[in-house]
Amino acid sequence: MCGIIGYTGHAQAVPILLDGLRRMEYRGYDSAGIATLNDGGVELRKCAGRINNLAELIQKEPPKGVVGISHTRWATHGGVTDANAHPHLDRSGKLALCHNGVIENYQTLKDELVREGHLFLSQTDTEVLAHLIGKHYDQAGGPPSKGRLLAALQAALKQVVGTYGLVLLHQDLPDIVIGARRGSPLVLGVGRGENFLASDVGAIVSHTREAVYMNDFDIACIDRDQFEISSLLGGITGYEVSQVEFTEEDVSKGKFPHYMLKEIFEQPETVHDAMRGRLSLEEATAKLGGIDMTPKELREVERVVLCGCGTAFHAALVGEYLIETLAHLPAEVEFASEFRYRNMPMTKDTLVFVISQSGETADTLAALRESQRKGHRTLGVCNNVASTIARESDGGVYMHAGPEIGVAATKSFTSQVTILTLLALLLGRIRHQSTVEGIRIIEELEALPEKIKRILALNDQIKGIAEKYSNARGMMFMGRQFNYPVALEGALKMKEISYIHAEGYPSAELKHGVIALISPELPSIVIAPEDSVFDKNISNMQEVKAREGPVIAIGTEGCGQLERVADDVIYVPKCPDYLSPILTVIPLQLLAYHLAVKLGCDVDKPRNLAKSVTVE
């Protein structure tokens, strides 16, 4: 959550900071602010609302300075107000701080500071941290120096319980920006005569393609010509300067009105990229070198546990069906947010996967660490090769999906399911699948990108269906077997961006209470490809129609039976049961998108949400 960017260089800081904030607005958009340093000291501009509100405020009162920090907020402590917007100042007004994370013991620290005479202007935990750092700096006395400020930061952070990604500046040190991280991402951008700190490399990719991805407990001190990274635990820490893999164009909307629509239409390429170089017809299997396990080690696995949150959890549910069907291996899915608080019995031959688009999801990262703490090999599936999960896991698979900016996940779901299919193929070939079966699965996988293009060609038809049902008071999504998780994902997309209440259920559960909701005002979306439970899904649709409920069906091309039951039908190309989620989810993504646009919702920045959930 929250987006942070800091800059020191020769250019005016404000345009660079505003541009970076706009590129990170998907991380939070409750309020925004900027602090710069100039001859007059710290200049602060902040306000509630979107970044455009801040830009208008700055246009009226433009701050100057070639050093600055900025923040776009997803509220944790305190309401959405001007006062609670970051940056926050210390008691002296000379230190400004932006912070992503949660200071869990902030109230204890605040009470102590209040007893010492500190006055607070906001409800945030961040202002407490700013006062605490400022207190240590002022108590140290002596001439202003980088060492004095770093020592003050270290002293304050040693008192803190919680997580942080932060940047700060001080009036006494007009060329320096300092950053620190624990549990919230922070990247250092290496420029020429300028340097950056940011929550996300996408914020700085138009200025530099060289980055240092900071580790937990790292503290970075940058000026325009150099930087150094030390550790809160003591000493100078090593680092690696990485080349950023994507470009400024990759983080733009291009010809599309919204990032979400662009990312839906990128899925033929992203599904292909998830498979690229990982399929071997010669050996009739998948090649996943990143998991760093021999065939013998993989054969010794007797159980797989998959962990994720939100859309990644739904992808994991599909993975459970895939691994059990193709590999005949017991699989189980856990909410990452619950995993570390459970005392789940797991034998030593259990292999754990954690799934996260960003690779920074706090709950998923905690599940990774808990699994490793108990001695289990834990692998990651993520989209950011430099993320914390990618670096801390025992191996894994990179999605190659490119930046996903839209808050509602789309292409990451299909990429994750594609990778889990490759995993199921690999495990299946080690255990029981024949070469012929392996080749058939590979051929079906390779056909997916063209089939996705055929679904995307139905965009106008799906838009018409969405507009037809834009007055619905709620929606029901139903599917069975491989498509039950797709029903959950379709309902989540509808809730996230249109704010229409939606629920996903296994179709057969309709009779067990859910049918009470059926009415002419509540459409049911039934995912019913021609599979082993097709006739059962037809029966469920007839039960809905008998109670005057509208039905939208997602079916297989050439199946005329659906048109005799459903009010509207969206057809997807024929494919094996186990690959159907990659195809059936795309009409649901488009349905949610077009319905939200019809209702005037901000599909890229839905209310109360943010893209990368880095707090509990």
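Okay, strand S4, residues 67–73: this one is mostly covered, with 7 of its 7 residues buried. Keep in mind that we're looking at a predicted model.

So which residues of S4 point which way? Val-67, Ile-69, His-71 and Arg-73 go one way, while Gly-68, Ser-70 and Thr-72 go the other way.

Now, who are the neighbours? Strand S1, residues 3–8, runs antiparallel to S4, and 6 bridges join them. If you want one to find on screen, look for Tyr-7, whose bridge partner in S4 is Gly-68. Then there's strand S2, residues 31–38, which also pairs with S4 in the antiparallel sense, this time over 7 bridges. Pick out Ala-35 there; Ile-69 is its bridge partner in S4.

Right, let's move on to the helices. H3 covers residues 106–115 and H4 covers residues 125–140. How do they pack? Their axes are 10 Å apart, and the angle is about 50°. An angle like that is neither roughly parallel nor roughly perpendicular, so we call H3 and H4 oblique to each other. The crossing, by the way, is left-handed.

And what touches what? From H3 you've got Tyr-106, Leu-109, Lys-110, Glu-112 and Leu-113, and they meet Asp-125, Val-128, His-131, Leu-132 and Lys-135 in H4. Sort the residues of that contact by type and you get 5 nonpolar, 1 polar and 4 charged.

Methods:
Residues are numbered from 1 along each chain as its sequence is written. This is a predicted model: local features need pLDDT of at least 70, side-chain atom pairs count only at pLDDT 80 or more; totals for chains, interfaces and linings use all residues. Side-chain values use heavy atoms; hydrogens and water are left out. Axes are lines fitted to C-alpha atoms, for helices over the stretch in contact, and angles run from 0 to 180 degrees between N-to-C directions. Helices (H or I, at least four residues) and strands (E, at least two) are DSSP runs, numbered from the N terminus. Angles under 35 degrees count as roughly parallel, over 145 as roughly antiparallel, 65 to 115 as roughly perpendicular and the rest as oblique. A crossing is left-handed if the near helix is turned anticlockwise from the far one by less than a right angle, and right-handed if clockwise. Contact means heavy atoms within 4.5 Å. Ala, Val, Leu, Ile, Met, Phe, Trp, Tyr, Cys and Pro count as nonpolar, Asp, Glu, Lys and Arg as charged, and the others, Gly among them, as polar. Buried means under 20% relative accessible area, exposed over 50%, partly exposed in between (1.4 Å probe, protein chains only). Two strands pair if DSSP finds at least two bridges between them.
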